[in-house]
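Subject: Structure handover

Hello,

Here is the structure I promised to pass on to you. Please open it alongside this note.

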Amino acid sequence: MTTTQELAEGLDDLPYNVFAKACPSRGTLEHVTGRWGGLALGALYEGSLRFNELRRRVDGVSEKMLSQTLHALERDGLVHREAQPTNPPRVDYELTPLGRDVTERLLALIHFVEGSMDEVLAARERYDSARA
């Protein structure tokens, strides 16, 4: 099992440092872990989706936010956008190989959080009761 210290020491070997303000990896981390980015990636892990299918799958996202999110993920090389020259135009989104790798790791975190919600909700209740 890897310790936190071993993980931190391994970061010293990388050419990028997400903790540095100007590091470009910080923006990508924000795109992946942001409110809509993580959900869009998770939904696309199931397979290619059209824009409106993806919007329905990611409940609550506006058209504008989903569009901005997909553009950022496409720019980072995580999502591929395929526009079909049909009438009406058809646009499909799918994960790139890099996007699949990132999303597999993200889904592990998502499943961990979902599986820990009883503990989280109990902690919230204790916290709120102590402050009431």
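This is a predicted model: local features need pLDDT of at least 70, side-chain atom pairs count only at pLDDT 80 or more; totals for chains, interfaces and linings use all residues.

Residues are numbered from 1 along each chain as its sequence is written, and side-chain values use heavy atoms, with hydrogens and water left out.

**The sheet**

Three strands form an open sheet in the order E1-E3-E2, with antiparallel pairing. Helices (H or I, at least four residues) and strands (E, at least two) are DSSP runs numbered from the N terminus, and two strands pair if DSSP finds at least two bridges between them. Strand E1 (49–50) and strand E2 (79–84) are at the edges with a single partner strand each, so one side of each has no neighbour in the sheet. Helix H3 packs on the sheet and touches E1, E2 and E3, where contact means heavy atoms within 4.5 Å. The direction of H3 makes about 95° with that of E3; axes are lines fitted to C-alpha atoms, for helices over the stretch in contact, and angles run from 0 to 180 degrees between N-to-C directions.

Two bridges link E1 to strand E3 (residues 90–95) in the antiparallel sense, and Leu49 has Tyr93 as its bridge partner in E3. E2 and E3 run antiparallel and are joined by six bridges. Tyr93 is also the bridge partner of Arg81, and Val79 is partnered by Leu95.

**The turn with the cis bond**

E2 connects to E3 in a hairpin through five residues. Pro88 sits in this loop between E2 and E3, and the peptide bond joining Asn87 and Pro88 is cis, with omega about 0°. For context, most peptide bonds are trans.

**The pockets**

A pocket here is an open set of points on a 1 Å grid over the protein atoms alone, where a 1.4 Å probe fits, with protein on both sides within 12 Å along at least five of seven lines; lining residues have an atom within 4 Å of a point. Grid points are joined across faces, edges and corners, and a volume is the space filled by probe spheres set on the points.

The largest pocket holds about 340 Å³ of space. Its lining includes Val18, Asp76, Leu78 and Arg105. Helix H2 (24–33) and helix H6 (97–115) are the elements that give two or more residues to this lining, and H2 has the largest share with five. By class, the lining has seven nonpolar, three polar and two charged residues.

The second largest pocket has about 220 Å³. Gly38, Glu46, Arg57 and His111 are among its lining residues, and helix H3 (35–44) and H6 each supply at least two.

**The record**

UniProt lists residues 23–121 as "domain: HTH hxlR-type" in an unreviewed entry. In the model, that span is 65% helix and 14% strand, and its end C-alpha atoms lie 35 Å apart.

Best wishes

Terms used: Ala, Val, Leu, Ile, Met, Phe, Trp, Tyr, Cys and Pro count as nonpolar, Asp, Glu, Lys and Arg as charged, and the others, Gly among them, as polar. UniProt positions are given in the numbering used here, feature names are shortened, and annotations may be inferred rather than shown by experiment.
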